[in-house]
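I opened this notebook to record what I looked up in the structure. The entries follow the order of the look-ups.

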Amino acid sequence: MRADTGRHRRRPGDPGRATDLELRTFWRGYVESRSGPIGLALLAAVALVAALAPVLAPVRPEAFTDALLAPPGPGHPFGTDHLGRDIFSGVVYGTRISLLLGVVSAAISAVVGTVVGAVAGYAGGWIDEILSRLIDVFLMIPVFFLVLVVIMLFGNSLPYVMTVIGLTIWPANARLMRAQALSLRERTFVRAAVALGEAHGRILARHIIPHGIYPVVANTTLQVAGAILTEAGLSFLGLGDPNVVSWGRMIYEGRVSMPHGWWTTLFPGLAIVVTVMAFYLIGDGLNHALNPQARERGA
Amino acid sequence: MWTTLGYLARRCGALLLTLAVVVVLNFVLVRAAPGDPVRILAGMDQPSPEMVEALTRRYGLDQPLAVQFWAYVRSLLQGDLGRSITFERPVSQLIAQTVGPTLLLTLTATLLAFALGVALGTVSGTRPRSRLDALLSLAAYLLYAMPPFWLGMMGMLVFASWLGWLPTSGMYDVRSPQTGLAHWLDVAHHLVLPAATLALVQMPVFYRVTRASVVQVLGDDFVTTLRAAGLRPGTIFRRYVLKNALLPSVTMLGLQLGYVLAGAALVEVVFSWPGMGRLTLNAIYRRDFPLVMGIYLVVSAAVAVGALITDLVYGWLDPRIRYG
């Protein structure tokens, strides 16, 4: 029964899966945004550096060379720090850490936010009341200071940092998803599914979340950027994972060689700016493509 | 009138709820963390027996959790945020001493960012997709992507170390007079770099919001009507567009507060600005947990109150809101 009707079956009013035309319209909106394609190109470059890190970097980022605080030159394109570590290698390998941290944190936030928001909006009633209060409260809690307290208490290994960041930034996603679920709930195809007695969990997973997820996706790209900046800030306060060479940590350690060894902080900082900007640009491109009204007005 | 009061009551309720959640979080985190709460509160692995005894008694750690929680809440209500281990002084006193410089830095930077962001956002929003708009948008993206501490270090490098125009750190020069106008000029001189740093990283938020709302309002039907009625573009803009476009930026002022305080903490560390951020850093280095938790509580309360005030100001600015 399911196998033969599955793909083409449509309930009344069911928007179904995105068609080719819809995808093409979306892509056109994304390209029109100008920021979207630039961000994608930047991200491609950053991802390439991360993938090719062992090829690009002359040495391991932890390796001590004999050149202490050497300025940028032929052997060390970005110079070395006060312990003789090659800055260029650190920046190249740091790409992996930043991408990993940003993507994992944002993914945790997306999953938690989507589930909480979808349940709240779809269930309504007292469940929504409680979950909405929770979302509002957690939206108001200053994330950076909370993360700081938790990291200090529980430890600062990279998986921990990623999880804690992810678990503190989800309310923004939950709010977006809740609004989507509230409006989708009233649509004919969802009502039809309810009337046919489909299980609530199945309706959420098959109809509400797949059709309402887009704003969460756009916000998640922005949150990748935010997570990378948060980690950099934590590392700068000395709360980063001491076993990992991240850009924030490089800036933190480079501080002792300021003002003469400016290269120890300049280059890791530029790497953060480029990577964070890539995600901001992509997120804005997605929002632009998702929001046709704003598009027509040239926003 | 009654609906306004009801709204006010509900917003205050939300504020209290937030504070309650923060207090519970604070309480639970210390006890859920790996290791003995005594060791955490003492900030060392091997506290002396006297210290263990003193801390156990002070926080009632030998009592059931409910009793401990009640004691914690009661001391908070009395304004007791705990006692810093390393400074050997009440946390509230340490925070009171550092809150002034932090407020000075944060308020200066936020006002600057707001003014700059709204001005540039208006410039961009009135000519969307022009070259100037593209340039300003790019600058906003760049600044938005910058870690505040890094921008501060770069500013320090150029304007303090290389050019020597501005002091590198601190809030005043110990050799200059400590009173009167000369003192305030000295403070202002020291404030330039940290405030500019914090303002620049905040500016993009106000810029983007203003730009988007100016574009939106200019496309609204009522503006077209006013134009058709023959009103001068300048008058339409000043009297109708700007007013509407400013509202979202005002909201951002409140929503941004947590982010601004985090940025301020990092900038303070860079410039050795004697505020709460530097106090936080000291607390982290010395593993002074009561101090860190106290700062966290105060920051959370400040952010929640800030959000409430913004809400009220917004309602006062926008008569369309009737708090239904």
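What share of the contacts in chain A with a separation of 6 or more is accounted for by residues 24 or more positions apart? I find 72%, where contact means heavy atoms within 4.5 Å.

Conventions. I note that this is a predicted model, in which local features need pLDDT of at least 70, side-chain atom pairs count only at pLDDT 80 or more, and totals for chains, interfaces and linings use all residues. Residues are numbered from 1 along each chain as its sequence is written, chains are lettered from A and ligands numbered from 1 in the order in which they are written, and side-chain values use heavy atoms, with hydrogens and water left out.

Entry, chain A. I looked up the secondary structure and found 14 helices and 0 strands in chain A; helices (H or I, at least four residues) and strands (E, at least two) are DSSP runs, numbered from the N terminus. The C-alpha trace of chain A spans about 75 × 45 × 40 Å along its principal axes. Of the 299 residues in chain A, 51% are buried, that is, under 20% relative accessible area with a 1.4 Å probe and protein chains only.

Entry, chain A against chain B. I recorded 46 residues from chain A and 59 residues from chain B in the contact. The buried area is about 4700 Å², and carbon and sulfur atoms give 78% of it; this is the accessible area (1.4 Å probe) that two parts lose on being put together, summed over both. I then searched for salt bridges (a side-chain nitrogen of Lys or Arg within 4 Å of a carboxyl oxygen of Asp or Glu). The rule finds 1 across this interface. R208(B) pairs with D284(A) in a salt bridge, with the closest N and O atoms 2.8 Å apart. For the side of chain A that touches chain B, the elements giving two or more residues are α6 (125-140), α7 (143-154), α11 (214-236), α12 (247-254) and α13 (263-290) of chain A. The most comes from α13(A), with 12 residues. I sorted the residues of that side into 33 nonpolar, 7 polar and 6 charged; Ala, Val, Leu, Ile, Met, Phe, Trp, Tyr, Cys and Pro count as nonpolar, Asp, Glu, Lys and Arg as charged, and the others, Gly among them, as polar.

Entry, domains of chain B. I noted domain 1 (14-77) and domain 2 (95-317) in chain B, with bounds from an automatic or database domain assignment. Their centres, taken over C-alpha atoms, are 35 Å apart. The contact takes 14 residues from domain 1 of chain B and 11 residues from domain 2 of chain B. Between them the two domains bury about 1000 Å², 79% of it on carbon and sulfur atoms. L15(B), V22(B) and N26(B) supply 43% of the area that domain 1 of chain B buries against domain 2 of chain B, more than any other three residues.

Entry, L279(B). I located L279(B) in helix α12 (residues 276-285) of chain B. Is L279(B) buried or exposed? L279(B) counts as buried because its relative accessibility is 6%. Leaving aside neighbours within four places in sequence, L279(B) is in contact with F87(B), L94(B), I95(B), T98(B), L291(B) and I295(B).

Technical notes: Buried < 20%, exposed > 50% of the residue type's maximum accessible area, 1.4 Å probe, protein only.
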